[in-house]
Amino acid sequence: MLSPLLFNIVLDTALAKATDTPRGIRWTLTDRLEDLDYADDILVCLLAHTFNDIRTKLQRLQQETAKIGLKINISKTKEMRIHPPNNKPFLLSDQQIEQVTVSLFG
């Protein structure tokens with residue numbers, strides 16, 4: 001039971017370092033929401049308003065997790081955009097991340 005707890009602590013530390021510069025979506029007048037984590041699975045949702053901000057976050061997350069021996073699984077990584085101004089692909093380790101669509105109204 002200790003292993004999942006330690007893993008979550010290590011991953012949370014890497015996420016905190018990867019998102020230390022505010023690039024998330026405005027949550028309150030003074031705070032931004034940088035990411036969403038799901039406790040029972042290894043699911044992280046990075047949030048940002050701009051392509052460059054999310055690309056920077058993703059690269060920082062890859063750097064921080066690599067320092068502790070973790071690797072992002074590209075085949076399980078997906079991107080979802082709401083009202084995208086461009087359709088430039090996200091690349092991680094020179095591999096394109098799969099785009100999935102979102103339906104806001106059912």
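This report walks through the fold, the core and the charged pairs of the structure above.

The model is predicted, so local features are given where pLDDT is at least 70, side-chain atom pairs count only at pLDDT 80 or more, and totals for chains, interfaces and linings use all residues. Residues are numbered from 1 along each chain as its sequence is written, and side-chain values use heavy atoms, with hydrogens and water left out.

**Overall fold**

The protein has two helices and eight strands, which follow the pattern α-β-β-β-β-α-β-β-β-β along the sequence. Helices (H or I, at least four residues) and strands (E, at least two) are DSSP runs, numbered from the N terminus. Of the 106 residues, 25% are buried; buried means under 20% relative accessible area, exposed over 50%, and partly exposed in between (1.4 Å probe, protein chains only).

**The first helix and the core**

Helix α1 has 17 residues, and at 1.5 Å a residue it should span 24 Å; its end C-alpha atoms are 24 Å apart, which agrees. (The expected span is 1.5 Å times one less than the number of residues.) Leu11, Ala14, Leu15 and Ala18 are the buried residues of α1. Seen down the helix axis, they fall within an arc of 100 degrees, so they line one face of α1; the arc is that of the directions from the axis to the C-beta atoms.

Where do buried nonpolar side chains gather? The largest nonpolar core has twelve residues, including Leu11, Leu15, Ala18, Leu46 and Phe51. Such a core is a set of buried Ala, Val, Leu, Ile, Met, Phe, Trp, Tyr and Cys residues joined through side-chain atoms within 4.5 Å. Both α1 (2–18) and α2 (51–67) supply at least two residues of this core, and α2 gives the largest share, four residues.

**Salt bridges**

There are three salt bridges, each a side-chain nitrogen of Lys or Arg within 4 Å of a carboxyl oxygen of Asp or Glu.

| Pair | N to O distance |
|---|---|
| Lys67 and Glu64 | 3.2 Å |
| Glu98 and Lys78 | 2.9 Å |
| Glu79 and Arg81 | 2.4 Å |

Lys67 and Glu64 are three residues apart in α2, about one helical turn. Lys67 is exposed at 63% relative accessible area, whereas Glu64 is buried at 9%. Glu98 lies in strand β8 (residues 98–100) and Lys78 in strand β5 (residues 78–80), so this pair ties together parts that are 20 residues apart in sequence. In the remaining pair, Glu79 is buried at 7% and Arg81 is buried at 18%.
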